[in-house]
Amino acid sequence: MLRVVHLSDFHFSKDSKRDFELYCIKPLIEDLARINQDKKIDLIIFSGDLIDKGGLSFGQEKIDLAFLEFEDYVIKPILEELNLSRDSFLFVPGNHDIDRKADTERMEKALNVTLTCTEDVNKYIDDDDLTDGSKRIIKFKEFEKSYYSGTRHDISNFASTFRFNFDGLRVGVSCFNSSWRCWDSDKDKGKILLGERQVENAIEKLEGLDLKLAVIHHPLDWLNQFEKKNVENLIHKYYNLMFCGHVHEGESEYKTNMFGGTLLVSVAPANWSGGIRSDDRAYSNGYAYIDYTSDKVVLTNRTYFHTKKSYGPNIALGNDEGKAIYYLPNTTVLESLNSAKEICETIRNEQFSQTSEHLLSFRTETLAPKEINKLFVLPLLTTQLSKDKQKIYTLDEICSLEHHTLLSGPKESGKTILLDKLMMEFTDNVFKYKKIPVFIDLENSSSRVETEISRFLNIKIRKVEELLNNHEIVLLIDQLSTIPKIKTKLNALNRFLEEHKSVRVIATTTSLISSDIPIEFKSYSVLSRMFSIQINLFKSKQIRELTSNWFSLNPHYNNPDSLDEIIKVFNRLDIPRTPLAVSMFLCIFEFQPGISPINNSVLLENFIEILFEKHAPKEMFSEEFNYKNKIRLVSEIAYLMYELNDQNKRINRIQLISFIQTYMINRRFDFKADEILIGLEKVGLFTEEFDKGEYYLSFRFKCYYSFFLMKNMTFRSGFKEKVFSQERYLHFMDEIDYYTGVKGDEENLLLELKDRMLEKFKGIVEAYTPLKNLDSIFLNSNNILAANLSEEFLEVIDTTKDDTEDSLDEINDTRLEMSASLQVYSEKENMELTPYQQIERSLMIVARVLKNTEETTDGNLKSSCYKELIHCSSVFISLVRLLLEDNKSQNTDVINDEVKLSEIENFLIDYLPVGLQIFLQNLVSCSKLYVVMEDDVKEKLNSPNLYSELETMISILLYSDSKSTANLKYLKEFLKLHKHKYIKENLLMKLEKKMN
């Protein structure tokens, strides 16, 4: 066993020498003597700030005297008491151990502008000339060299290295110089330079030793950003223990890392005259000693008690004895982790770069970052633990969950990029999470999970079973659903998980209303037990963060005022708060600051104009393959993919070039097909994949495919008739959304779609008798939340004014929350939809088209469609409740220690009306429907016997949320008329946020 004492920050001063002797050194030596009797101390490590303020208290230019006094008053008494040799006391320079006046301010400024990259710092260290701007450290180095003269150790101007042998344990210590660039202690953080070369030189001198210790005054987060990551990686990879000081607060941390090693970090508290009588236990005087064995490290924390004039256990940093115990992985575990590290290195090299292609900024001319780590913004990840308790998850918490997890959210809520980020987190922290990630796009995968693991990790298929036996795997599965073409894969996945119990799944799926497990998954034994977490669409906070990241490299917008103005423009628009939609808006704003897209279709159209450079000067020349030509060609390509009926919506590259060439010949164009295709790829329209010896192209984003397929409706009358036909229209949700959004006045289509919706719901109501009385379905509520809801309560809410940024964000978040999304491929026309899916889709398409048909002159049509939409939506949500109640009794599994699934389902079932209102808010929230909404509310309140209370409540909440300036007069009136308890419960559920 090796025992090391860790001391730091004594700030020895002539002014307080007597206090220091009595209350610092004397009790410390007494405590060390008792510890040494228990087990002999082998090394004393001192992590800087031997003296105070460059020895100023000893007189001008007397820093060398201060060091000698420190040796006499501190080092010698400790070594004599413990009977240790001179070289058993190791120390490094701190920011108080330098002579700040030795270098001129001019020289300091010169080094600040020249030492700005790793290469320049390395050259400076290689030159090894302290007189060239580092005179401040010379006196310390002279003392160090004098102190260790006659020993066998290597003392240099930067890192000094020491080699020991303790009963066969070969130990090396690197004492690093992190103070050679200290200048202003209040401003040094983020400016400290250690130097890659200093670390590499030290590592080389400790080669072949069993245990390696690093000593540095400053914690690594004080290093300059340009070298911080690389220096951290080197220390984490090659050292076992690291000792720091400087912050005067004790701490320890045990890290496993991606470099095949483990690192214990000890940050020692100060032990100086200024902390003798401190009441702040966090900064009280103290120290630590470390016992190292082959299987564990025990760090014992000691703190000074002035009333006793002695040291005792620091229980704030350990157990009742002040001990923090860290167990080391054995050889077998280390071999397994090192093997996992190698696999993750392959993932990093082969997969990380591909994730950037999922970003909108990739392959566009924008100045925005094109790497996930520089642009990624974490959405709110939540789960409802109970009716009044919600859990928000961090990435680390998601990675640390031990059960299968389903991340559900609306379309384009960033599910794929979230999985990309999780894949990076698992890969970069394999020693922490001890899991190897495998990303699977379920829609485009094979039916065999082992095959996907083999492909992603680039290992032979016969090695997969061995991998599964020796390592823990986490499957990151994108696009989990129960559509027919995926059902076979779900069955295979379910069987695989039943056979491999140690494999964990984090999957994404599209969900519209809540984070509950979709009803369709309940029939799968494993999937039905997944822990469900909701991916929420961006709130104002996330939009600000993404905006800031987007413009971080753009000097025109990288300032608070410009960012605030951009966010104000976004908040005025009726476009969704999906990551993709926000990114499109930011890209459009970057190139055309004055533009304001009015809906999804126009937003996407504006973005395509930027991709194809519609407004570039060259567009005016007829000899160019211009914007109009590109739109028509890409629309034909989308139609070709549709005709090919490939489930992955892709086309062979050679086949596509041939198609483009034929296209050009038929039009007598003299453009080369391969050059045209390369041009489309350069702007990021397509993505390429290699499969079975062939190259295939598909649209980079699914919304591109739907948008360009929609364009065919303008010049292919037969295709338009097919899309709108009774038999097929529910398979073309996005195409119809884009078409009506661009047209803006398709009132005949709106009328036809409304009639189809009514016909489908008529059959449902006839089949389910309870649906004829909607209010009766919610009578048996499990929650008592609104017993005291009254008109006085609403008065308090209505008169509460708060103009803070948070309150304004809340208004915008409520108004635009969960806006309509952009992403869904058209499916195969012969795909069979269940009756449940048919009514859901018929409802959604009417809502989208109603919002898009803003230019119709028939106001009565708008009102009629809106009224029927509210009614059918109320029927739909009532049906959902009936189905959930039927299913609830089948699942009583415990999700975690806090809440049972049945409790969550009760909550979701009872508050489905509020969920429905938010769902409709997705689809129809639009300033140009405010009049229609208000008229609908007035009619329902004036004729309460003609409508269910469910419909009236949803109408009122929709109007109140959509029009942020609306007061609560309609809610007050409704409160006097309602008869059912569930109405109060849902109203309070919706309104209680306004009181917080």
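Me: Is threonine 547 buried or exposed?

Reply: Threonine 547 counts as buried because its relative accessibility is 1%; buried means under 20% relative accessible area, exposed over 50%, and partly exposed in between (1.4 Å probe, protein chains only). Please note that this is a predicted model, in which local features need pLDDT of at least 70 and side-chain atom pairs count only at pLDDT 80 or more, while totals for chains, interfaces and linings use all residues. Residues are numbered from 1 along each chain as its sequence is written, and side-chain values use heavy atoms, with hydrogens and water left out.

Me: Where is threonine 547 placed, and which residues is it in contact with beyond four places in sequence?

Reply: Threonine 547 is in helix H16, residues 540-550; helices (H or I, at least four residues) and strands (E, at least two) are DSSP runs, numbered from the N terminus. Leaving aside neighbours within four places in sequence, its contacts are Leu563, Ile566, Ile567 and Leu586, where contact means heavy atoms within 4.5 Å.

Me: What about threonine 952: buried or exposed?

Reply: Threonine 952 is buried, because its relative accessible area is 4%. Threonine 952 lies in helix H35 (residues 949-962) and touches Lys940, Leu941, Tyr947 and Phe974, not counting residues up to four places away in sequence.

Me: Now the cores. How many residues has the largest nonpolar core?

Reply: The largest nonpolar core has 187 residues, and Leu475, Leu480, Phe612 and Tyr704 have the most contacts inside it. A nonpolar core is a set of buried Ala, Val, Leu, Ile, Met, Phe, Trp, Tyr and Cys residues joined through side-chain atoms within 4.5 Å. Helix H31 (residues 859-888) gives the most to this core, with 12 residues. Apart from this core lies another, of 101 residues, including Leu43 and Val231.

Me: Which residues of helix H5 are buried?

Reply: In helix H5 (residues 138-147), the buried residues are Phe140, Lys141, Phe143, Glu144 and Tyr147. These residues lie on the same side of H5, because they cover an arc of only 160° around the axis; the arc is that of the directions from the helix axis to the C-beta atoms.

Me: What do the buried residues of H5 pack against?

Reply: They pack against helix H2 (63-82), strand S3 (89-91) and strand S4 (160-166).

Me: Lastly, how many disulfides does the structure hold?

Reply: The structure holds 0 disulfides, a disulfide being a pair of cysteine sulfur atoms within 2.5 Å. Cysteine 175 counts as buried, at 2% relative accessibility, and cysteine 399 is buried, with a relative accessible area of 1%.
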